[in-house]
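Please look at the model before reading on.

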Amino acid sequence: MKLLLTGTTGYIGKKTAEFLVKSGHEVHSLIRKLPDSTNMSKENIQYHLITQSSIKDIVCNVKPDIVIHIASKFLAAHDYDDVEDLISSNITFPTQLLDAMCLAGVENFINTGTSWQHYNSATYS
């Protein structure tokens, strides 16, 4: 199965990508910047460097069976100047990803959350 993942430069995303490759899946990863090569998996993961304008082209070219969205921007505490990047990373990017999926005819989407949504055992925070 051909999969497109976000968040593979983070710990959970990297481990998820490695597991999926070992399970026999073709894994493509959307990344915003090239990570230090020591952090890149030695596994057979195809990395695609994105910009706002390239998301659509990448999704249309890869045409994955499933998109798995693990990426997020998290700051335990933020400043006023962080708001634009938080919105871009957590709202604009996934919205553009969903729109690109529609244009490419990709219908299967898995979205993840974070333990911070339930901070201090709250039902939802």
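The model is predicted. Its open sheet is built from 5 strands in the order E3-E2-E1-E4-E5, with parallel pairing. Strand E3 (45-49) and strand E5 (109-111) are the edge strands, each pairing on one side only. On average, neighbouring strands of this sheet are turned by 20° against each other, direction ignored. Strands of a sheet pair through backbone hydrogen bonds, either parallel or antiparallel. Strand E1 (residues 2-6) pairs with strand E4 (residues 66-69) in the parallel sense over 4 bridges. The bridge partner of Leu-3 in E4 is Ile-66.

| Helix | Strands touched | Angle between directions |
|---|---|---|
| H1 (residues 11-22) | E1, E2, E3 and E4 | about 170° with E1 |
| H2 (residues 55-62) | E1, E2 and E3 | about 150° with E3 |

Helix H1 has 12 residues and reaches 17 Å from its first C-alpha to its last, close to the expected 16 Å. Which residues of H1 are buried? They are Gly-13, Ala-17, Glu-18, Leu-20 and Val-21. What covers them includes E1, E2, E3 and E4. The face of H1 turned away from its buried side carries the exposed residues Tyr-11, Ile-12, Phe-19 and Lys-22. Just after H1, Gly-24 has a positive phi of about 95°.

Technical notes. Residues are numbered from 1 along each chain as its sequence is written. This is a predicted model: local features need pLDDT of at least 70, side-chain atom pairs count only at pLDDT 80 or more; totals for chains, interfaces and linings use all residues. Side-chain values use heavy atoms; hydrogens and water are left out. Two strands pair if DSSP finds at least two bridges between them. Helices (H or I, at least four residues) and strands (E, at least two) are DSSP runs, numbered from the N terminus. Axes are lines fitted to C-alpha atoms, for helices over the stretch in contact, and angles run from 0 to 180 degrees between N-to-C directions. Contact means heavy atoms within 4.5 Å. The expected span of a helix is 1.5 Å times one less than its number of residues. Buried means under 20% relative accessible area, exposed over 50%, partly exposed in between (1.4 Å probe, protein chains only).
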